[in-house]
Structures are given as structure tokens and as C-alpha cells.
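I opened this entry to record what I looked up, item by item. The model comes first, then my notes.

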Amino acid sequence: MLVKIDIHCRVQGDVVVECIHLNEDFVHEEMMFRVMFHTAFVRSNILMLNRDEIDILWEAKDLFPKDFKAEVSYCYSLAKAIFWSSRS
């Protein structure tokens, strides 16, 4: 089972993506799993993780099949450093 996640925004550095289940009332949410990575260690802006590499709640681990995978894709952003100088 493959879940594809496209972040749809530019990211750089440490990234945390939480996949949540939103109840019918659109108020209560439950975290299903979490993915954490640093963009410097990902090639081609696509990260493929299997079930054992994803943070899943301990009691929910059996809800995910052994072949569960998450594919995370994103746009890489080159951050520009801005230096402010004060003049006397």
C-alpha cells in the first residue's frame, strides 16, 4: 500500500509532516503517522519510507499493513540570508 504526499510548498532544512484523520465534525483530529526528514539528505526531492521508517502511534502500528509505504515529495527552496546592518 502506497500513500503519496505532495507537500505543495517550498521547504528547506528540517521538515515534519503529520498525517491526521479528521472526524466527521471537523473538530476532532487523530494523528495517524508522522514523517520527519532533513532536505539535505533527500535526492530528487522525493522521499520513500516504509512502515518501519515512519513514526506511528504504538497502539496503531497493527492498523498499517506490512507493505505500507509513504512517498513524500516537495519543492526545494533556496533560502536567502538577509543581513541587517545598523548605521550610526
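**Arg 51 and its surroundings**

I began with the contacts of Arg 51: leaving out residues up to four places away in sequence, Arg 51 touches Ile 56, Lys 61, Phe 64, Pro 65, Lys 66 and Phe 68. Contact here means heavy atoms within 4.5 Å. This is a predicted model, where local features need pLDDT of at least 70 and side-chain atom pairs count only at pLDDT 80 or more, while totals for chains, interfaces and linings use all residues. Residues are numbered from 1 along each chain as its sequence is written, and side-chain values use heavy atoms, with hydrogens and water left out.

I placed Arg 51 in the loop between strand 4 (46–50) and strand 5. Strands (E, at least two residues) and helices (H or I, at least four) are DSSP runs, numbered from the N terminus. Next I looked for a charged partner. Arg 51 is buried yet has no salt bridge. Asp 52 is the nearest side chain of opposite charge, 4.1 Å away. A salt bridge needs a side-chain nitrogen of Lys or Arg within 4 Å of a carboxyl oxygen of Asp or Glu. For charge, Lys and Arg count as positive and Asp and Glu as negative; His and the chain ends are not counted. Buried means under 20% relative accessible area, exposed over 50%, and partly exposed in between (1.4 Å probe, protein chains only).

**Aromatic rings**

Rings of Phe, Tyr and Trp (its six-membered ring) pair if their centres lie within 6.5 Å; planes under 30 degrees apart count as stacked, over 60 as edge-to-face and the rest as tilted.

I took Phe 33 and Phe 64 from that search. Their ring centres are 6.0 Å apart and the planes stand at 85°, so this pair is edge-to-face. The pair links distant parts of the chain: Phe 33 is in strand 3, and Phe 64 is in the loop between strand 5 and strand 6 (69–76), 31 residues apart. Phe 33 is buried at 3% relative accessibility. Phe 64 is buried too, at 9%. The rings of Phe 64 and Phe 68 have centres 4.9 Å apart and planes at 70°, so they also count as edge-to-face. Phe 68 is buried, as is Phe 64. I logged Phe 33, Phe 64 and Phe 68 as a cluster linked by ring pairs.

**The sheet**

Which strands pair with strand 3? I checked both sides. Strand 2 (residues 14–22) and strand 3 (residues 29–38) run antiparallel and are joined by nine bridges. Val 16 stands opposite Met 36 in strand 3. Strand 3 also pairs with strand 5 (residues 55–56), antiparallel, over two bridges. There, Phe 33 has Ile 56 as its bridge partner, and Arg 34 has Asp 55. Two strands pair if DSSP finds at least two bridges between them.

For the whole protein I counted six strands and zero helices.

**Positive phi**

Most residues other than glycine have a negative phi. I therefore noted two exceptions, citing that rule. Phe 26 has a positive phi near 60°. Phe 26 sits in the hairpin of strand 2 and strand 3, which has six residues between the strands. At 66% relative accessibility, Phe 26 counts as exposed. His 8 also has a positive phi near 60°. His 8 lies in strand 1 (residues 2–11) and is exposed, at 67%.

**Cysteines**

How many disulfides does the structure hold? I found zero. A disulfide is a pair of cysteine sulfur atoms within 2.5 Å. The sulfur of Cys 9 is 8.0 Å from that of Cys 75, the closest cysteine sulfur, which is too far for a bond. Cys 9 is partly exposed at 36% relative accessible area, and Cys 75 is partly exposed at 38%.

**Whole chain**

Of the 88 residues, 27% count as buried. Among contacts between residues at least 6 apart in sequence, 52% join residues at least 24 apart.
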